[in-house]
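Subject: Structure handover

Hello,

Here is the structure I said I would pass on. Please open it next to this email, as the notes below follow it residue by residue.

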Amino acid sequence: MSTMAVPAKETDCSRAGRITRSLLGYGVLAGPVYVAAALVQGLLRPGFDLLHDDVSLLSNGSLGWIQIANFIVTGAFVIAAAIGMTRALGDRSVWAPRLLGIFGAGLVAAGVFVADPMNGFPAGTPAGRPETMTTHGILHIVAAAIGFLCLIASCFVSARRYGREARPGMKWFSIVTGVVFLLSFAGVASGASSPIVVLGFWAGVIVAFAWIAAVSVDLYRGTLVSPTAA
């Protein structure tokens, strides 16, 4: 009885392929790094309330450097992933990775320009919002807003690409992510600080980073197939 040999799957083992996959790997790391660092700080830093306070406030105080580093490192990871997506997608999609890269840059800028203290955090800060905002506080809000809007746009642009490629699962994941993050961002932008709004934004952030990871993994797998094997 004879058996038919199964040909080995051809893979792109070129240096360019390895670099692309390494860059995409940062898209998987970005979310866990950001969420873990923010949650640990939120639970351990005295006076911070995870159900009411914005994570950006953690950039203040003697330990503020931790959240500043979290913003900058996570932003750099997202930018690296966006570059990897550009390399993996080629001319299939130009704007999706560009918009995601702007989101990453927005995170870096949010770390550079520290949010103004408020709501009694850090200790000694008056309750409520500051009467006047500093320049770096304004720039923090502007950078975050631009980054968030670009992330939402990247979701919808990606959904369109997945639609063209007849990938309904990733298409709807992209649409849902864009809608969820838009609603969660709108809640925070309204100025409300109720637990529902704050937890809603946490949910939006987690879904968004899960989407970035999923797209990164999807494109990572695509680079494993050599063009000559298609």
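The largest nonpolar core has 42 residues, and the ones that touch the most other members are Leu 100, Phe 103, Leu 151, Phe 181, Phe 209 and Ile 212. A nonpolar core here is a set of buried Ala, Val, Leu, Ile, Met, Phe, Trp, Tyr and Cys residues joined through side-chain atoms within 4.5 Å. Buried means under 20% relative accessible area, exposed means over 50%, and partly exposed is in between (1.4 Å probe, protein chains only). Two or more residues of this core come from each of helix 1 (15-44), helix 2 (64-89), helix 3, helix 4, helix 5 and helix 6 (195-223). Helix 6 contributes the most, with 10 residues. Helices are DSSP runs (H or I, at least four residues), numbered from the N terminus.

Ile 212 touches Gly 27, Met 85, Leu 100, Phe 103 and Leu 151, leaving out residues up to four places away in sequence. Contact means heavy atoms within 4.5 Å.

A note on the source: this is a predicted model, in which local features need pLDDT of at least 70 and side-chain atom pairs count only at pLDDT 80 or more, while totals for chains, interfaces and linings use all residues. Residues are numbered from 1 along each chain as its sequence is written, and side-chain values use heavy atoms, with hydrogens and water left out.

Next, the loop between helix 3 and helix 4. Asp 116 lies in this loop and counts as buried, at 5% relative accessibility. With residues up to four places away in sequence not counted, Asp 116 touches Leu 57, Asn 60, Pro 130, Met 133, Thr 134, His 136 and Gly 137. The side chains of Asp 116 and Thr 134 are joined by a polar contact of 2.4 Å. A polar contact is a pair of N or O atoms within 3.5 Å; within protein, one must be able to donate a hydrogen and the other to accept it, and residues adjacent in sequence count only if both atoms are side-chain atoms.

Some backbone geometry is also worth checking. Most residues other than glycine have a negative phi, and most peptide bonds are trans. Asn 119, in the loop between helix 3 and helix 4, has a positive phi of about 55° and is partly exposed at 31%. Ala 166, in the loop between helix 4 and helix 5 (168-189), has a positive phi of about 60° and is exposed at 61%. The peptide bond from Phe 121 to Pro 122 is cis, with omega near -5°.

Regards
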